[in-house]
Each structure stands twice: as C-alpha cells, then as structure tokens.
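This report describes how parts of a protein chain pack against one another. The sequence and structure come first, and the account follows.

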Amino acid sequence: MVINPNSDAIQLNYLPQPALDRIANMNLFDTNCAGHQMLEHIANKWTVLIVYALTQEKKRYSELKQQIVGVSPKMLIQNLRNLERCGLIEREIYPTVPPRVDYSLTPLGESLVEPLAILGEWAYRHIPEVKTAMEQYDDNPTENYWEPK
C-alpha cells in the first residue's frame, strides 16, 4: 500500500479485482475448505491486535496484556497459542527465575502485516461513515425485519 500524505486517497500496490476473482474460485464458504479454516485462525480482532502489537517489537505477555485493552488473560493466551500453532508468531523462553517469555512475529507472520495494515487503515479512515450508518440504522428500526414474509 502506498499512501500519499497530501491526499486522502490510498494507492494500492495490488489490484483487488484479480484477488476477488481468485477468491471466487476457492471454496471459502465451505467449512471444510482449508482457506476457510485458515481465516478462522487469523480473522478475529484479537489476532489483528496481537499482530499489530508485535510489529513494534518483541513483547512479553504482560506487555501485550497492557497494550491490548479489553483482552482477557484467557483470550490472550488462546490467541497466542493459536498464532504460534499456525506459525505466525514464535515464543522464546529464557531460562531465568521466573522464566521470561518473549513473543515475536515469524517471517510468515510478517507476511500478514501488510494485508492487516490495509484493513486497519480502511477501518480508521471510515470511522465517521460507519458511525453515521449505525446511528441511522438504530434510529430507524424496521419492524418485523427478521420475520419471514
């Protein structure tokens, strides 16, 4: 992604349509699809925030817990283990008392940074529009919207 600081426009260094065409040929909507299963591992808010945090430097569990506001200890541990299992982060244990453990991105994890950065940039740039849409939706509830006709 290339950002022009004098413009609100983002120039993408890839074309989204060929990617969408490739995705259409995959079977991502099928839970048995390996791509679908991979998305389950990486497409959650805690994973995104952990990866963002680890782009800054190696971090200890306590640093991650402090930086990622709102994550419970259980969710942080589960996500760290999941990311390690998927090969996206590595855990380095130092033989000290108490043991010191650092987490960092692997090269595979680093390859996920740019797509997640694009997603984060999109989210940040569209906060006002999303908030406005949510307010309009909440202010105009449609009666029986979910009931079949």
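In this predicted model, W46, T47 and I50 of helix 3 meet M75, L76, N79, L80 and L83 of helix 5. By residue class, the contact of helix 3 with helix 5 divides into six nonpolar, two polar and no charged residues. Helix 3 covers residues 45–56 and helix 5 covers residues 73–85; the two pack at an angle of about 75 degrees, with their axes 10 Å apart. An angle of 65 to 115 degrees counts as roughly perpendicular, and helix 3 and helix 5 are therefore roughly perpendicular to each other.

On the helix 7 side the contact is made by W122, A123, Y124 and R125, and on the helix 8 side by I127, P128, E129 and V130. The residues of this contact divide into six nonpolar, no polar and two charged.

The table sets out the two pairs.

| Helix pair | Crossing angle | Axis distance |
|---|---|---|
| Helix 3 and helix 5 | about 75 degrees | 10 Å apart |

Helix 7 itself runs over residues 113–125 and has 13 residues. From its first C-alpha to its last, helix 7 reaches 18 Å, close to the 18 Å expected at 1.5 Å a residue. Buried residues in helix 7 are L116, I118 and E121.

The next topic is the nonpolar core. The largest nonpolar core has 20 residues, and I50, L54, L64, L80 and I89 touch the most other members. Helix 3, helix 5 and strand 5 (100–105) are the elements that give two or more residues to this core. Helix 3 provides the largest share, six residues. Two of the residues named for the core, I50 and L80, also take part in the contact between helix 3 and helix 5. Leaving aside its neighbours within four places in sequence, L54 is in contact with K59, L64, I89, Y103, S104 and L105.

One further residue, H36, lies in helix 2 (residues 34–42). Is H36 buried or exposed? Residues under 20% relative accessible area count as buried; H36 has 18% and is therefore buried. Apart from neighbours within four places in sequence, H36 is in contact with L28, F29, D30 and T31. H36 and M26 are 10 residues apart along the chain, and their C-alpha atoms are separated by 9.3 Å.

Note on methods. Residues numbered from 1 in each chain as written. Predicted model: local features only at pLDDT ≥ 70, side-chain atom pairs only at ≥ 80, totals over all residues. Heavy atoms only, no water. Axes fitted to C-alpha atoms, helices over the stretch in contact; angles between N-to-C directions. Helix = DSSP H or I, 4+ residues; strand = E, 2+ residues; numbered from the N terminus. Parallel < 35°, antiparallel > 145°, perpendicular 65-115°, else oblique. Contact = heavy atoms within 4.5 Å. Nonpolar A, V, L, I, M, F, W, Y, C, P; charged D, E, K, R; others polar. Core = buried A, V, L, I, M, F, W, Y, C linked by side-chain atoms within 4.5 Å. Buried < 20%, exposed > 50% of the residue type's maximum accessible area, 1.4 Å probe, protein only. Expected span 1.5 Å × (residues − 1).
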